[in-house]
Amino acid sequence: AALLPFATRAGLLFIVAWGLIYFAAIRRISRTLTAEAWVLAITLIATLTVQLEFAILVGVLASFFVYLQRTTRPRVVRVASGALASSSPPDAPDVLRIEGSLFFGATDHVRDRFDEERAARPGAKHMLLLLSGVNFIDVAGGQLLAECANALRQEGATLWLAPPPPAVREV
């Protein structure tokens with residue numbers, strides 16, 4: 001290979017590189033997952049414009065920021081509202097489901113969503129949080145749940161937690 005001219009070696013490298021590109025995956029990512037498509041585009045542009053080591057770092061950082069964006073904003077979904085169900089008694093609980101990790105980086109988002117849901121029905125006497133979708137909780141997450149329970153207690157309402165997974169129950 002050392003006897004081959006540089007132009008020939010460059011052509012061989014392009015052929016090998018072309019074979020390493022998985023176009024079906026690129027099409028699938030660009031069609032379905034917007035955030036991943038941005039990571040792909042940023043990494044591709046960085047690969048073509050800067051040194052390879054720095055381009056890999058740029059891609060890893062972009063992926064990390066997408067991950068942080070997702071994990072710090074767990075979904076808080078209203079499953080049911082006692083006020084909306086015509087056959088339910090007036091003291092029927094609001095039911096919310098938290099889906100994702102409840103850790104220090106997500107507590108502000110969850111607190112805001114909790115406050116929004118509470119403001120939507122201020123007279124409710126009970127709120128039920130379904131924690132089966134919580135896969136991780138830390139001390140800040142546990143403290144948030146305690147603060148929410150205390151805030152409701154001061155308003156004459158009760159916060160119920162069901163069913164927390166064993167790891168969440170321990171915290």
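1. A friendly place to start is His-109, which touches Thr-72, Arg-73 and Pro-74 once residues up to four places away in sequence are left out; contact here means heavy atoms within 4.5 Å. His-109 sits in helix α5. With 15% relative accessibility, His-109 counts as buried (buried is under 20% relative accessible area, exposed over 50% and partly exposed in between, with a 1.4 Å probe and protein chains only).

2. A word on the basis: this is a predicted model, in which local features need pLDDT of at least 70 and side-chain atom pairs count only at pLDDT 80 or more, while totals for chains, interfaces and linings use all residues. Residues are numbered from 1 along each chain as its sequence is written, and side-chain values use heavy atoms, with hydrogens and water left out.

3. Asp-94 deserves a look. Asp-94 belongs to strand β2 (residues 94-99); helices (H or I, at least four residues) and strands (E, at least two) are DSSP runs numbered from the N terminus. Asp-94 has 0% relative accessibility and so counts as buried. Its side chain makes a polar contact of 3.3 Å with the side chain of Arg-78, and another of 2.5 Å joins the side chains of Asp-94 and Arg-121. (A polar contact is a pair of N or O atoms within 3.5 Å; within protein, one must be able to donate a hydrogen and the other to accept it, and residues adjacent in sequence count only if both atoms are side-chain atoms.)

4. Axes are lines fitted to C-alpha atoms, for helices over the stretch in contact, and angles run from 0 to 180 degrees between N-to-C directions; under 35 degrees counts as roughly parallel, over 145 as roughly antiparallel, 65 to 115 as roughly perpendicular and the rest as oblique. The crossing of α5 and α6 is right-handed (the near helix is turned clockwise from the far one by less than a right angle; anticlockwise is left-handed). Residues making the contact include Val-110 and Phe-114 of α5 and Leu-144 and Leu-152 of α6. By class, the contact of α5 with α6 has six nonpolar, two polar and three charged residues. (Ala, Val, Leu, Ile, Met, Phe, Trp, Tyr, Cys and Pro count as nonpolar, Asp, Glu, Lys and Arg as charged, and the others, Gly among them, as polar.)

5. Helices α3 and α4 (residues 52-71) pack at about 165° with axes 8 Å apart, so α3 is roughly antiparallel to α4. Their crossing is right-handed. Among the residues that meet are Val-39 and Ile-42 in α3 and Val-58 and Ala-62 in α4. The residues of this contact divide into nine nonpolar, four polar and two charged.

6. On its other pairing, α3 (residues 34-49) packs with α2 (residues 23-32) at about 130°, the axes being 6 Å apart; α2 and α3 are therefore oblique to each other. Here the crossing is left-handed. Ile-26, Ile-29, Ser-30 and Thr-32 in α2 meet Thr-34, Glu-36, Ala-37 and Leu-40 in α3, giving four nonpolar, three polar and one charged residues.

7. Finally, Trp-18 lies in helix α1 (residues 6-20) and, at 58% relative accessibility, counts as exposed. Trp-18 and Thr-107 are 89 residues apart in sequence and 45 Å apart in space, C-alpha to C-alpha.
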